[in-house]
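Here is a colleague's note for you to read beside the model. Keep the structure open and check each point as you go.

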Amino acid sequence: MKFPYVRYEVFHKPVLPVIFKYQGKSFPYQALLDTGADISIVHADIAIQLGINQEKGEKFLFGGVCGQGNGYLYKIDLEIGGMIVENVPVIFSNDIAPYSFGILGHEGLLDKFKVVFEFHKKQFELIPKQ
């Protein structure tokens, strides 16, 4: 599955259209593909859209370039390019900016794909592992 980089201001970013799915509800979203992220993290507002009471999930402390944050871990399904990836661990957190990109990380998601970045073509590709 090939996807174009998306231009934001002067930068091109590997932003992926994804549909979060949980117990019959779905929510479309644009998330940043982050090969440096161990796990996927998105704003807690998405949990609300999916009918998730985030505080009933497993409490999770995470860290990154801007410090630490707290969130709640759930396993949900993601639809990417028409393909369903099941039981992806996602942290829902209020400690990230509400209108920023969430990130898609390795655990349960990117570890299931070969990822090819072709910045010179302004595209990236996700190839499912066999």
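1. Start with Lys 122. Lys 122 lies in the loop between β11 and β12. Strands here are DSSP runs (E, at least two residues), numbered from the N terminus. Lys 122 has a positive phi of about 55° although it is not a glycine. At 31% relative accessibility, Lys 122 is partly exposed. The scale is this: buried is under 20% relative accessible area, exposed is over 50%, and partly exposed is in between (1.4 Å probe, protein chains only). The charged end of Lys 122 also sits over the ring of Phe 119, 4.3 Å from the ring centre. That label needs NZ of Lys or CZ of Arg within 6 Å of the ring centre and within 35 degrees of the ring normal.

2. A word on the source. This is a predicted model, where local features need pLDDT of at least 70, side-chain atom pairs count only at pLDDT 80 or more, and totals for chains, interfaces and linings use all residues. Residues are numbered from 1 along each chain as its sequence is written, and side-chain values use heavy atoms, with hydrogens and water left out.

3. Next, the open sheet. Three strands make it, in the order β1-β12-β11, with antiparallel pairing. Two strands pair if DSSP finds at least two bridges between them. The edge strands are β1 (2-4) and β11 (113-118), and each pairs on one side only. From one strand to the next, the twist averages 20°. Axes for such angles are lines fitted to C-alpha atoms, and angles run from 0 to 180 degrees between N-to-C directions. β1 joins β12 (residues 123-128) through three bridges. Phe 3 has Phe 124 as its bridge partner in β12.

4. Which residues do ring pairs link into a cluster? They are Phe 3, Tyr 5, Phe 117, Phe 119 and Phe 124. Rings of Phe, Tyr and Trp (its six-membered ring) pair if their centres lie within 6.5 Å; planes under 30 degrees apart are stacked, over 60 edge-to-face, and the rest tilted. By this rule there are eight aromatic pairs. In one of them, the rings of Tyr 74 and Phe 92 are 6.3 Å apart at their centres with planes at 65°, so the pair is edge-to-face. Tyr 74 is in β8 (residues 67-80) and Phe 92 in β9 (residues 83-93), so this pair ties together parts 18 residues apart in sequence. Both Tyr 74 and Phe 92 are buried. Phe 117 and Phe 124 form a tilted pair, 6.4 Å centre to centre, with 35° between the planes. Phe 117 is partly exposed at 36% relative accessible area, whereas Phe 124 is buried at 0%.

5. Now β9 and its partners. β8 and β9 pair in the antiparallel sense over eight bridges. Leu 73 stands opposite Ile 91 in β9. The two strands form a hairpin with two residues between them, and Gly 81 in the turn has a positive phi of about 55°. Strand β6 (residues 40-43) runs parallel to β9, joined by four bridges. There, His 43 has Ser 93 as its bridge partner. Also check Asn 87, which is in β9. Asn 87 has a positive phi of about 55° although it is not a glycine. Asn 87 is partly exposed, at 49% relative accessible area.
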